[in-house]
Amino acid sequence: MDYQTIIVEEKDAVGYLTFNRPKQLNSFNETMHLEVSSVMKAWAKNSNIRTVVISAEGRGFCAGQDLNDRVVDPNADSPDLGLSIDKYYNPLIKLITEMPKPVICAVNGVAAGAGANIALACDIVIAAKSASFIQAFCRLGLVPDSGGTWFLPRLVGRAQAMGLALLGDKIPAEQAVQLGMIWQVVEDEMLKAESIKMAEHLAKQPTYGLSLIKKAIHAAAHNNLDDQLLLERDFQRLAGRSNDYREGVQAFMQKRTPEYKGC
Amino acid sequence: MQYIKSSSPQIGVILIELNRPEKRNALNNAILKEIAEYLQYLDADILVKVVVITGNTQCFAAGADLNELAQHDVISIQQDQRPLLWKSIDEFSKPLIMAVNGYAFGAGFELALHGDIILTGDNAQFALPEIGLGMLPGAGGTQRLARLVGQQLTMRWAMLGEKISSATALQHGISSQICPTALTVQYAVELATKISKQAPLAIRVIKQSLKSIHEITLSQGLKLERQHFVWLAATQDRKEGINAFLEKRKPEFRGV
């Protein structure tokens, strides 16, 4: 299938989704939203894809909303920005967070506004040394959307989240790691290789178990300890029924490398 | 039985599975009749203590059968047997647990509301979509739901047909527990097993006392509760329960 705004590749059980509007710093317009969501929806259901990598072409990662898009025309009547959030951004964040397999984000350059928060919604974020994160919303009189106000305090704590969201400063990748906002920083030229390496590793792991881990960690954000302990019991019950668990235990006993199927 | 499957996963526990998957378990007259008649049969079986009703993992029951509904005019609907079937489900005297995964829409939602306890899978969705067809819920949807969650939410849900998630259902007391979908039936059966080991006569009057709250005033209800309380004092199981407690052992209830 041909896409105008993204590049899609499926290889070795990994789905690579690459934003491809480099001249616009990969900012989102309607077409890009539709293309990204159709790919992500298909991968969510496709058990042959066991890890997803989101990355981008050019010098930027994603500048959030394309301000030249007709839906945000400031000269028309006051725009209802909630509409595009309802229709596009919120469903995208849910597609990422509810994807039943790991989602890696390889941040190659500036991730601004919704672009930053789309990255933060991913399970593991690797950034190039020259990449940066900007909660640009406050500079335009807006509020961090796409989960920004939810992810930030959980990732970096309230004090840092307030600073990031109210000041809108550009945070270099290395500082983002120190704050606990992302997982890892690598040299620019290593970003692609490192993200592929990690994806290929994860794609061979017990995918169903990984999906339960992901779900449990998301649930922890609103559960109390008692509820979370019960949820861990439930998930362990489910995981214990999986083929991969059997394979893992057998491989351990037989002192060989397990071959996981993802279910 | 053509449309329902029955099994006994534990002693004293009957699991009924709605089994019309090609129609998403739509509750036509035939399936409703099977449920009602089977429950009547189970009510009389002294070995049956608790019943669990479930659908499949994708669907509890997606509503009534619209083809049947469409055939009724205002005259023929007066002779409809469905209200009697619903009534006999409502009159089942033993604990009835609903294990709801997936869609419970319209009549499916109303069937779930006939349960004494509802457990939902995390994929469960309730709705009263009748309004979209120019109708209203016709099997207690407006009544039982309003008594559970109040006027505000019931008006919204009945007037808009909005979908209600498992989490929302738990929050408003429609469901008492959310389970991972694959475990809902297992947990419902575990709950049923625990209840099946309680003193049957006490379970019976607990259900009666609780179901009366929508029929009578508080002072009448308190009187009824007291009558049940006094009546239980004449049972062997009550003696056994108290003795076992004092002797620090597990009670053995016999339903006498």
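pLDDT is the predictor's confidence in each residue, from 0 to 100.

**Entry 1: confidence and ground rules**

Chain B averages a pLDDT of 95, and 100% of the residues score at least 70. For the complex, the predictor gives an ipTM of 0.83 and a pTM of 0.89. I keep one caution at hand: where pLDDT is low, the predicted coordinates should not be read in detail.

My conventions: residues are numbered from 1 along each chain as its sequence is written, while chains are lettered from A and ligands numbered from 1 in the order in which they are written. In this predicted model, local features need pLDDT of at least 70, side-chain atom pairs count only at pLDDT 80 or more, and totals for chains, interfaces and linings use all residues; side-chain values use heavy atoms, with hydrogens and water left out.

**Entry 2: nonpolar cores**

I looked up the cores next. A nonpolar core is a set of buried Ala, Val, Leu, Ile, Met, Phe, Trp, Tyr and Cys residues joined through side-chain atoms within 4.5 Å. Buried means under 20% relative accessible area, exposed over 50%, and partly exposed in between (1.4 Å probe, protein chains only).

The largest core has 49 residues, and A:F19, A:F61, A:V107 and A:F133 touch the most other members. A second, separate core holds 43 residues, including B:L27, B:L42, B:V48 and B:M98.

**Entry 3: a nonpolar patch outside**

I then turned to the surface of chain A. A:L67, A:L81, A:L140 and A:L142 form a nonpolar patch there, with about 370 Å² of accessible area together. Patches are made of residues with over 30% relative accessible area and no salt bridge; like charges are joined within 9 Å, nonpolar side chains (Val, Leu, Ile, Met, Phe, Trp, Tyr) within 5 Å. The areas come from the Shrake-Rupley method with a 1.4 Å probe, and for residues only the protein chains shown count as cover.

I checked one member by itself. A:L67 sits in the loop between β4 (60-62) and α2 (81-97) of chain A, and A:L67 is exposed at a relative accessible area of 56%. Helices (H or I, at least four residues) and strands (E, at least two) are DSSP runs, numbered from the N terminus.

**Entry 4: a sheet in chain B**

I traced an open sheet of four strands in chain B, in the order β4-β6-β8-β9, with mixed pairing. Its edge strands are β4 (59-61) and β9 (164-165), each pairing on one side only. Two strands pair if DSSP finds at least two bridges between them. Strand β8 (residues 125-127) is joined to β9(B) by two bridges, and the two run antiparallel. In this pair I found B:Q125 opposite B:S165.

**Entry 5: two positive phi values**

Most residues other than glycine have a negative phi. I noted A:K255, with phi near 55 degrees, and B:N25, with phi near 60 degrees. A:K255 lies in the segment after α10 (243-253) of chain A, whereas B:N25 is in the loop between β2 (13-18) and α1 (29-44) of chain B. Which of them is buried and which exposed? A:K255 counts as exposed at 76% relative accessibility; B:N25 counts as buried at 0%.

**Entry 6: salt bridges**

I count a salt bridge when a side-chain nitrogen of Lys or Arg is within 4 Å of a carboxyl oxygen of Asp or Glu.

B:D122 bridges to A:K215, with the closest N and O atoms 3.7 Å apart. B:D122 lies in the loop between β7 (117-121) and β8 of chain B and A:K215 in helix α8 (residues 207-220) of chain A, so the pair joins two chains. B:D122 is partly exposed at 36%, and A:K215 is partly exposed at 44%.

B:D116 bridges to B:K207 at 2.8 Å. B:D116 is in the loop between α4 (107-113) and β7, and B:K207 in helix α9 (residues 200-211), so the pair ties together parts that are 91 residues apart in sequence. B:D116 is partly exposed at 33%, while B:K207 is buried at 10%.

In chain A, A:R256 pairs with A:E247, also with closest N and O atoms 2.8 Å apart. Here A:R256 is partly exposed at 35% and A:E247 is buried at 16%.
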